[in-house]
2 protein chains.
Amino acid sequence: MSQAATISDVAPRDGLQSIGGFVPTETKIALVRAIHAAGIRRMEIGSFVSPRAVPQMADTGEVLRAALELPGLECTVLVPNRRGFELAAGSGAQRLGLFMSATESHNKANLNRTREESFADLAAIVADARAAGLLVRFNLSTVFHCPFEGVVPDEEALDWVERIVALDPAMEIALCDTTGNAAPDQVRRVFQKAFASWGERFAFHGHDTYGMGVANVSAAWAAGCRVFDSASGGLGGCPFAPGATGNVATEDVAWLFRRMGVETGIDWNRLLEAADLAATIPGGMPGGRMRGVPAARRAA
Amino acid sequence: MSQAATISDVAPRDGLQSIGGFVPTETKIALVRAIHAAGIRRMEIGSFVSPRAVPQMADTGEVLRAALELPGLECTVLVPNRRGFELAAGSGAQRLGLFMSATESHNKANLNRTREESFADLAAIVADARAAGLLVRFNLSTVFHCPFEGVVPDEEALDWVERIVALDPAMEIALCDTTGNAAPDQVRRVFQKAFASWGERFAFHGHDTYGMGVANVSAAWAAGCRVFDSASGGLGGCPFAPGATGNVATEDVAWLFRRMGVETGIDWNRLLEAADLAATIPGGMPGGRMRGVPAARRAA
């Protein structure tokens with residue numbers, strides 16, 4: 001298998017979305033540019049969601065236009081529904097991010113509909129995206145652990161994966177550890193089952209709420225995963241739950257891969273600059289470990 | 001293989017040793033008692049080293065006497081040389097901790113002698129310890145990475161492991177990530193080779209300097225390792241290198257095993273009390289992640 005990993009930085013969307021105060025558009029664009037300057041070539045830029053529901057993402061179109069000027073960058077925008085798809089399809093974004101949950105209670109709490117309803121809506125969007133020549137990332141949340149139902153049985157999650165796979169043989173599917181509660185042996189086992197059944201199309205989206213983020217990335221890698229979501233600066237914590245850090249930090253994942261000799265295309269020093277920029281955005285809840293390591297040591 | 005892990009808490013020795021000001025004996029004893037109250041049944045209590053060289057360990061005999069009163073606790077004391085062995089042999093400690101480095105430059109810098117010289121001294125101590133009916137833990141430092149030589153080739157480390165194994169077929173040998181620079185794939189590979197060649201006698205001693213500690217523990221576990229060193233509160237950082245955290249935190253390792261369904265015998269809430277106690281010792285450099293997670297979340 002490949003000794004290269006692709007990192008999709010989700011700081012501009014997943015990292016910033018939960019910040020209460022509006023992050024200025026110029027700040028968002030500066031963050032996108034800094035992450036791109038570090039050599040990262042995939043990013044989750046924003047979300048075409050109702051500005052009333054998620055005011056932080058109201059300027060996604062403008063951030064996206066700036067991102068599309070950056071050479072070689074593949075831009076993902078989240079699309080929660082048909083209206084979002086229509087906005088995204090004309091936006092220039094190369095990839096649409098769709099999402100539903102593997103557990104019924106989380107899907108209802110997060111999306112206010114049943115999994116069957118979400119799946120039917122998203123299946124139609126997948127077909128239309130394919131017809132429009134757009135790439136799709138299908139994010140399946142709560143694959144490993146659900147805040148309402150606890151540990152998710154492998155088969156419950158994999159039954160949904162199987163239905164999603166059937167929609168499009170080339171579509172990338174992310175198995176998401178939404179709560180940060182996945183255990184490395186579970187991550188490894190579920191990815192092994194997915195790869196054994198449906199080939200190399202799976203990405204891992206991990207959170208670092210309990211400090212297991214890097215261990216889970218490592219476990220997914222060991223099972224064959226080669227595409228990972230992470231956020232520069234470890235952004236994505238919830239400001240209303242101090243200490244509950246967010247997405248696994250890009251700089252921590254990049255360090256892991258540096259030590260393992262896995263190619264990521266990342267300029268390490270510039271990535272630390274992007275991480276520092278991300279971590280100083282007012283209202284954000286940064287996380288991760290590498291920013292706290294003294295400069296002399298983290299250059300090793 | 002067993003779904004139980006043994007944790008040896010090294011906070012009283014490895015965690016406290018680098019603190020500049022003397023930690024009062026009563027504080028050390030309180031820490032030992034708190035860790036024992038959490039259900040941990042192995043601990044690195046102290047070191048029979050020259051008080052001039054390591055003043056922090058001058059009261060090891062007194063701390064050990066208190067530790068030996070705790071039911072079911074196996075106490076390890078470090079023994080750097082023949083003089084240390086003579087003190088330890090009459091101390092009541094059940095296990096002696098010996099140590100040398102897998103790399104020549106680190107052995108010379110740390111112990112002021114060649115590896116051959118260290119090995120010869122320690123071989124004699126192993127024989128005498130066996131004759132005295134004492135358990136031995138042989139710690140091999142810099143197995144994965146050396147601060148002077150960088151990444152250590154597997155075979156260089158394993159050649160020394162082979163010689164150590166030959167000293168005593170029942171002795172526990174720890175493969176130590178002294179700098180925190182080991183990569184999980186390297187840890188997994190080296191442990192797999194060791195287990196394949198010499199059976200189930202190996203322990204992992206990891207540091208969390210770069211946030212890889214839990215990932216490395218997880219990798220060692222996946223390779224079959226069942227004995228782990230860690231320090232409550234993530235103690236063990238160097239006070240002269242801010243941000244350079246020390247031993248992987250016992251509470252982080254315990255959380256990993258909780259999520260994986262691995263039995264450790266630990267009382268989770270009491271372990272967090274021990275971790276909080278460790279982290280508040282003046283002059284210490286605590287680390288780890290679980291102490292920072294809000295109480296409502298870390299009870300999950």
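Predicted model: local features only at pLDDT ≥ 70, side-chain atom pairs only at ≥ 80, totals over all residues.
**Two copies and the surface between them**

Let us now turn to the interface. Here 32 residues of chain B are in contact with 32 residues of chain A, and 100% of the interface residues of chain B are also interface residues in chain A, so the copies meet through the same surface. The size of an interface is often given as the accessible area lost when the parts come together. For this pair, chain B and chain A bury about 2,800 Å² between them, and 57% of that area is on carbon and sulfur atoms. On the side of chain B, the residues that lose the most area to chain A are Y210(B), R259(B) and R289(B), which together account for 26% of what that side buries.

What kinds of pairs cross the interface? The count between chain B and chain A is two salt bridges, and one salt bridge joins the side chains of R289(A) and D208(B), at 2.6 Å from N to O. There are also four residue pairs in polar contact across the interface, with both residues at pLDDT 80 or more. Of the elements on the side of chain B that touches chain A, α10(B) gives the most, with five residues, and by class that side has 16 nonpolar, eight polar and eight charged residues.

In one of them the side chains of R115(A) and E156(A) meet at 3.0 Å, N to O; R115(A) lies in helix α6 of chain A and E156(A) in helix α7 of chain A, so the pair ties together parts that are 41 residues apart in sequence. R115(A) counts as buried, at 14% relative accessibility, whereas E156(A) is partly exposed, at 23%.

Another salt bridge is formed by E251(A) and R291(A), whose closest N and O atoms are 3.7 Å apart, and this pair links helix α10 of chain A to the loop between α11 and α12 of chain A, 40 residues apart. Here E251(A) is buried, at 0% relative accessibility, while R291(A) is partly exposed, at 25%.

Conventions: Residues numbered from 1 in each chain as written. Chains lettered and ligands numbered in written order. Heavy atoms only, no water. Contact = heavy atoms within 4.5 Å. Buried area = accessible area lost by both parts, 1.4 Å probe. Salt bridge = Lys/Arg side-chain N within 4 Å of Asp/Glu carboxyl O. Polar contact = N/O pair within 3.5 Å; in protein donor to acceptor, adjacent residues only side chain to side chain. Helix = DSSP H or I, 4+ residues; strand = E, 2+ residues; numbered from the N terminus. Nonpolar A, V, L, I, M, F, W, Y, C, P; charged D, E, K, R; others polar. Buried < 20%, exposed > 50% of the residue type's maximum accessible area, 1.4 Å probe, protein only.
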